[in-house]
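Take your time and look up each part as it comes along.

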There are 2 protein chains.
Amino acid sequence: MIMDTLFQALFAPRSIAFIGASTNVFKWGFNILHHIIRGGYAGGIYPVNPQGGEWFGRQVYTSLDRIDGPIDLAVIVVKDSLVPDAVRACAARGIPAGIVITAGFSETGASGAALEREIVTLAGEAGMRLVGPNTMGIFSATPSPLQVLMTGMAIAPGQVSIITQSGNLGTSLAYRFVRRSIGLSRLISSGNEADLKVEDYLRLMEHDPQTRVICLYIEGLRDGQRFFETARRIAPDKPIVLLKGGRTASGARAAASHTGAMASDEGVFAAMCRQAGIIMVSTMDEMIDVTGMLLTQPLPKGNRIGIVTMGGGWGVIATDACEAQGLSVPPLEDAIIARLDAILPAYWSRGNPIDLVAPGTVTVITDTVKILMESRSVDAILLMGLGYMTLRARRMMSSEVIPAERIESSAAILIREEEKLIGLLLDLLARKTIPIVPVIDLMGFDAPADINITKALDRQGIMAYPCPEPAVAALAKIAAYQRRGAW
Amino acid sequence: MIMDTLFQALFAPRSIAFIGASTNVFKWGFNILHHIIRGGYAGGIYPVNPQGGEWFGRQVYTSLDRIDGPIDLAVIVVKDSLVPDAVRACAARGIPAGIVITAGFSETGASGAALEREIVTLAGEAGMRLVGPNTMGIFSATPSPLQVLMTGMAIAPGQVSIITQSGNLGTSLAYRFVRRSIGLSRLISSGNEADLKVEDYLRLMEHDPQTRVICLYIEGLRDGQRFFETARRIAPDKPIVLLKGGRTASGARAAASHTGAMASDEGVFAAMCRQAGIIMVSTMDEMIDVTGMLLTQPLPKGNRIGIVTMGGGWGVIATDACEAQGLSVPPLEDAIIARLDAILPAYWSRGNPIDLVAPGTVTVITDTVKILMESRSVDAILLMGLGYMTLRARRMMSSEVIPAERIESSAAILIREEEKLIGLLLDLLARKTIPIVPVIDLMGFDAPADINITKALDRQGIMAYPCPEPAVAALAKIAAYQRRGAW
């Protein structure tokens with residue numbers, strides 16, 4: 001089967017047979033079907049169960065034979081012993097692809113492995129391709145939202161594709177992307193990889209116009225050579241961000257027990273990734289941090305960071321973080337210092353980090369950033385200390401000791417000034433000349449303050465970070481990616 | 001002055017003179033006074049301003065002379081050139097301690113340094129002690145909440161004291177503690193340390209019954225020997241968690257510009273910390289993670305971690321994190337495996353991590369934890385995958401495609417089961433035999449799901465972690481602390 005046909009069957013099917021439909025809320029036969037329908041899939045959905053009847057108002061077909069018209073994709077959730085019959089029926093019907101959610105195959109031992117070989121053979125004889133078994137499912141954002149997932153969630157359409165050898169990490173990653181307002185294009189939980197493997201899914205992403213960044217969670221590769229050849233071809237145009245499970249001896253033992261991954265030489269694996277231009281990360285959160293930065297910032301042309309801070313301590317820890325990540329915080333050239341002299345108080349530090357302390361007006365902040373953008377000493381800017389003005393205003397307004405009317409006009413000024421700051425900052429960010437990475441220390445704190453500015457950035461697709469360390473780590477990763485000549 | 005008197009003046013003053021009271025909402029003379037009053041301070045508060053008048057209904061005194069009765073603490077926010085007069089007046093009045101919020105001293109150059117020497121001399125001659133200048137302020141939870149802070153916030157009373165050489169990091173730390181439901185006992189922003197230094201504040205905490213853990217942000221020490229002697233005496237009983245700013249060459253340069261800290265040999269500094277039993281962390285978030293664990297878990301007797309997970313991938317990355325942090329994930333002894341055989345499905349991995357996949361009942365989870373608590377191979381337990389049941393229930397109930405009445409009884413079962421799980425888990429946690437660290441992957445995600453379980457844990461003072469890495473890093477730190485024989 002050519003990749004285009006497989007791609008269409010998995011991510012853009014015209015219709016789906018859902019084999020094992022159930023109205024029992026505790027079964028995947030209910031939940032996954034519910035998530036497909038609720039997710040807004042616009043193609044034909046055919047619930048199948050030999051008992052027939054109806055699924056909350058929809059007809060349930062007693063067999064595939066009762067369904068008219070073409071079926072592009074089968075979702076199989078029947079119990080393990082019934083999966084071969086289901087695959088046989090799909091193959092006979094000429095369905096090009098199936099997602100076997102059902103567990104109880106090679107991951108459970110020898111008899112499960114035999115069952116797994118049986119379904120692969122049955123499918124293979126008919127040219128049918130299988131996702132799974134033992135998969136958490138797949139998601140596709142376009143052309144119609146398709147949420148064949150155990151865990152339903154409100155995923156926004158976007159440009160990130162996830163391929164994962166762990167269903168629960170896939171769920172966790174998707175949640176983290178949702179939470180950080182980053183949309184997804186595709187998600188595949190590869191399960192036992194009895195037929196289709198991570199290597200195949202990577203190839204599917206190669207020409208997907210909806211995929212701009214590819215996130216991978218890998219425990220082991222069946223065909224490392226094919227994987228790295230494909231990755232090397234893709235990575236210069238579509239960054240590949242990879243989290244490897246089983247990097248340590250004990251982790252590899254756990255991975256062997258989980259996905260049957262063979263222990264590999266981690267040094268060799270990392271070297272292969274480097275050669276292929278893959279961006280390796282060490283945690284799920286770092287994956288989100290790096291991906292968000294790739295999507296929302298230009299690549300830095302080098303390693304030199306300019307730090308603008310509203311407080312000295314933040315500047316110090318950000319500088320430590322830069323050096324720890326191999327980035328430099330260089331002195332500023334005289335011409336830039338002279339221009340900053342004109343707008344900063346006489347006693348400013350004349351160094352990098354630039355500590356604005358408590359700037360008198362918000363334009364001091366954005367003018368400083370603007371001047372730094374024109375420095376020849378700096379490849380990216382870290383901007384810290386945003387969001388406190390609205391926080392202060394809101395806290396004032398909720399005072400129990402001072403009447404609101406004595407405060408509200410002053411509070412309104414603070415809020416207006418911060419809105420002005422956000423507007424000016426968005427203008428600078430829109431230029432996309434060098435990365436300007438906002439660090440909003442209040443993020444996640446349950447005050448409306450952070451929402452004002454992070455929501456404003458979100459609307460423009462700009463990712464903010466709750467502290468300097470992850471921002472700096474992500475900057476270091478994308479600077480290294482750029483150095484290899486990618487994008 | 002003996003430490004007890006100073007302690008009382010700063011943290012338990014009977015009354016406060018606030019010198020530089022203002023009704024201008026944009027001035028610290030308004031904000032800090034507002035935070036003191038709003039924070040609920042129950043002692044006498046005397047706003048002072050030569051212009052007199054009133055401060056939102058309170059009398060403003062034109063000078064200290066007009067105030068009757070004793071004054072234990074002066075808060076000084078007048079502009080820099082007026083500070084010497086203010087200190088002189090306080091000294092004449094016999095006020096034992098003053099907090100100089102005002103900036104514009106040694107941090108701004110030679111003339112500021114001269115001004116700073118002047119106020120130290122004036123205070124010193126009268127035996128008055130000074131916090132600052134250029135400080136963000138202090139907080140004390142008891143005997144009466146005292147919030148002499150630039151940034152007001154709803155800090156819960158607790159057992160953590162913060163001493164910080166950066167005001168903005170102090171604010172950020174306090175916000176993070178608030179957000180993670182950890183209360184504070186004291187907070188001191190040491191400012192320029194013209195008189196009182198971090199070494200003095202550490203001594204103040206030594207016999208403070210309200211302080212159980214001490215968090216320090218340090219850029220440089222004036223008297224390292226005294227600091228480390230004090231720390232070594234305190235640390236076995238009250239853990240000291242320290243974040244060092246300026247650990248790298250560029251960071252040290254930034255610190256020199258910020259607090260005038262002399263560059264120190266970081267290898268020597270770290271060795272001194274180790275010898276003194278200080279727990280060093282590398283980020284603010286790690287400080288919260290470690291402190292929360294110290295407060296809410298028993299210390300592990302060793303390095304061996306048992307992992308209980310509801311998914312294989314999480315188990316793998318948690319295992320990698322353990323080995324990376326120098327912790328082990330050992331095999332389980334036969335007796336424990338036999339007991340687990342009795343409650344887990346036939347195909348379970350018989351290893352550590354213990355992957356429960358999708359456990360049939362919630363008692364499987366807590367029974368597994370209970371068995372592991374009795375293992376001789378394990379010093380602490382990491383428990384992952386909580387919170388998804390309520391999430392699923394809530395998402396079901398908000399379905400647009402299925403009538404609520406067809407789902408609500410099933411959803412109620414899920415919620416009830418999770419509540420049962422929480423109850424059983426809290427019982428196990430209450431035993432405090434070994435650490436049982438909950439990792440709640442959904443934390444911070446804006447779904448009511450996480451709130452259910454994290455709020456329940458919060459109410460019991462148990463800290464949960466949003467992913468395995470920070471939980472494991474904190475476990476490694478407290479295991480090393482225990483190894484030194486502390487607590």
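Does Pro239(B) count as buried or exposed? With 24 C-beta neighbours inside 10 Å, Pro239(B) counts as buried. The rule is that a residue is buried if 20 or more other C-beta atoms lie within 10 Å of its own, exposed if 12 or fewer, and partly exposed in between, with C-beta atoms placed from the backbone. You will find Pro239(B) in the loop between helix H7 (224-234) and strand S13 (240-244) of chain B. Pro239(B) and Ser377(B) are 138 residues apart in sequence, and their C-alpha atoms are 27 Å apart in space.

Before going on, a word on what you are looking at. This is a predicted model, in which local features need pLDDT of at least 70 and side-chain atom pairs count only at pLDDT 80 or more, while totals for chains, interfaces and linings use all residues. Residues are numbered from 1 along each chain as its sequence is written, and chains are lettered from A and ligands numbered from 1 in the order in which they are written.

**Chain A as a whole**

Chain A has 17 helices and 18 strands. Helices (H or I, at least four residues) and strands (E, at least two) are DSSP runs, numbered from the N terminus. Along the principal axes, the C-alpha atoms of chain A fill a box of roughly 80 × 55 × 35 Å. Of the 487 residues in chain A, 55% are buried. Two residues are in contact if their C-beta atoms, placed from the backbone, lie within 7 Å. Among the contacts in chain A with a separation of 6 or more, 76% come from residues 24 or more positions apart.

Chain A holds an open sheet of five strands with parallel pairing, in the order S2-S1-S5-S6-S7. Strand S2 (44-48) and strand S7 (129-131) of chain A stand at the edges with a single partner strand each, so one side of each is left without a neighbour in the sheet. From one strand to the next, the twist averages 20°. Strands pair if DSSP finds at least two bridges between them; strand S6 (residues 97-100) of chain A and S7(A) pair in the parallel sense over three bridges. Gly98(A) has Leu130(A) in S7(A) as its bridge partner.

Two helices lie across strands of this sheet. Helix H1 (residues 3-11) of chain A lies across strand S5 (73-76), S6 and S7 of chain A, running at about 50° to S6(A). Helix H2 (residues 28-38) of chain A lies across strand S1 (15-19), S2 and S5 of chain A, at about 165° to S2(A). For these angles, axes are lines fitted to C-alpha atoms, for helices over the stretch in contact, and angles run from 0 to 180 degrees between N-to-C directions.

**Backbone details in the loops**

| Site | Value |
|---|---|
| Asn352(A) and Pro353(A), cis peptide bond | omega about 10° |
| Asn352(B) and Pro353(B), cis peptide bond | omega about 10° |
| Glu193(A), not a glycine | phi near 55° |
| Arg350(B), not a glycine | phi about 55° |

Pro353(A) sits in the loop between helix H12 (334-341) and strand S16 (354-355) of chain A. Glu193(A) is in the loop between strand S11 (184-189) and helix H6 (198-206) of chain A, and it counts as buried because it has 24 C-beta neighbours inside 10 Å. Arg350(B) lies in the loop between H12 and S16 of chain B; with 15 C-beta neighbours inside 10 Å, Arg350(B) counts as partly exposed.

**Helix H15 of chain B**

Helix H15 (residues 404-431) of chain B has 28 residues and should span 40 Å at 1.5 Å a residue, which agrees with its end C-alpha atoms being 40 Å apart. The expected span is 1.5 Å times one less than the number of residues. The buried residues of H15(B) include Leu414(B), Glu418(B), Leu421(B) and Leu425(B). After H15(B) comes Lys432(B), with a positive phi near 55°.

**How the two chains meet**

A rotation of 180° with 0.0 Å of shift along its axis superposes chain B on chain A, with an RMSD of 0.0 Å. The two copies are thus related as by a two-fold rotation axis. Copies are superposed by least squares on the C-alpha atoms of residues with pLDDT of at least 70 in both. In this pair, 69 residues of chain B are in contact with 69 residues of chain A. H11(B) gives the most to the side of chain B that touches chain A, with 11 residues. The copies meet through the same surface, because 100% of the interface residues of chain B are also interface residues in chain A.
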